[in-house]
Amino acid sequence: MLSFRPRMPLLVLVLAFSAGCNSGPRASVEGKVSYDGETVDKGGIAFIPVEEDAGTLRATGPIHDGRYHLDNQGGPTPGKYRVEIHWRKKTGKKVPGEGGQPRDEAVPGIPAKYNTESKLIVDVRPGRNTFDFALEK
């Protein structure tokens, strides 16, 4: 029993160090997305660094049922980001798809002011971040 006690502080130190190393420099981001009161059912979100040389990393992910989540393995690094939100909204019509099979027609559901021309800016902090986007026409 005596030989185990001196190693305990070393074991605690090793576990604490390895836990910190696994978290990495990225942060997690999550939230809800709607446009004009309608849930964005299936789309995409991109966090694009405002300053490319600041060590920030671009991150993208899917939106499902009005929610997105990028964990600390795939999320952005801390810093300022311009956010682009994309949504292919179903029209309710069927159009010919691959092999002549009908598929749901989809059109851009969010205007360029929220994606290619987006002015949405967020400040990602280390750890967990929540950003909800209730976009208006």
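Predicted model: local features only at pLDDT ≥ 70, side-chain atom pairs only at ≥ 80, totals over all residues.
Biologist: How is an aromatic pair described, and how many aromatic pairs does the rule give here?

Modeller: A pair of aromatic rings is described by the distance of the centres and the angle of the planes. Rings of Phe, Tyr and Trp (its six-membered ring) pair if their centres lie within 6.5 Å; planes under 30 degrees apart count as stacked, over 60 as edge-to-face and the rest as tilted. By this rule the count is 4 aromatic pairs. The rings of Y35 and Y114 have centres 6.3 Å apart and planes at 70°, so this pair is edge-to-face.

Biologist: Which parts of the chain does the pair of Y35 and Y114 link?

Modeller: Strands are DSSP runs of E with at least two residues, numbered from the N terminus. Y35 belongs to strand 1 (residues 28-35), while Y114 sits in the loop between strand 7 (102-108) and strand 8 (121-124), and the two are 79 residues apart.

Biologist: Are Y35 and Y114 buried or exposed?

Modeller: Buried means under 20% relative accessible area, exposed over 50%, and partly exposed in between (1.4 Å probe, protein chains only). Y35 counts as buried at 9% relative accessibility, and Y114 is buried at 12%. A further aromatic pair, Y68 and F133, is tilted, with 6.4 Å centre to centre and 35° between the planes. Y68 lies in strand 5 (residues 67-70) and F133 in strand 10 (residues 133-135), so this pair ties together parts 65 residues apart in sequence. Y68 is buried at 3%, as is F133 at 9%. Ring pairs also link F47, Y68, Y81 and F133 into a cluster.

Biologist: What does K90 touch?

Modeller: Contact means heavy atoms within 4.5 Å. Not counting residues up to four places away in sequence, K90 touches D104, E105 and A106. K90 is placed in strand 6 (residues 79-96) and is exposed, with a relative accessible area of 52%. The C-alpha atoms of K90 and D104 are 6.4 Å apart, with the residues 14 apart in sequence.

Biologist: Where does S28 lie, and with which residues is S28 in contact?

Modeller: S28 lies in strand 1 and is buried at 11% relative accessible area. Leaving aside neighbours within four places in sequence, S28 is in contact with L70, D71, N72, G127, R128 and N129.

Methods. Residues numbered from 1 in each chain as written. Heavy atoms only, no water. Helix = DSSP H or I, 4+ residues; strand = E, 2+ residues; numbered from the N terminus.
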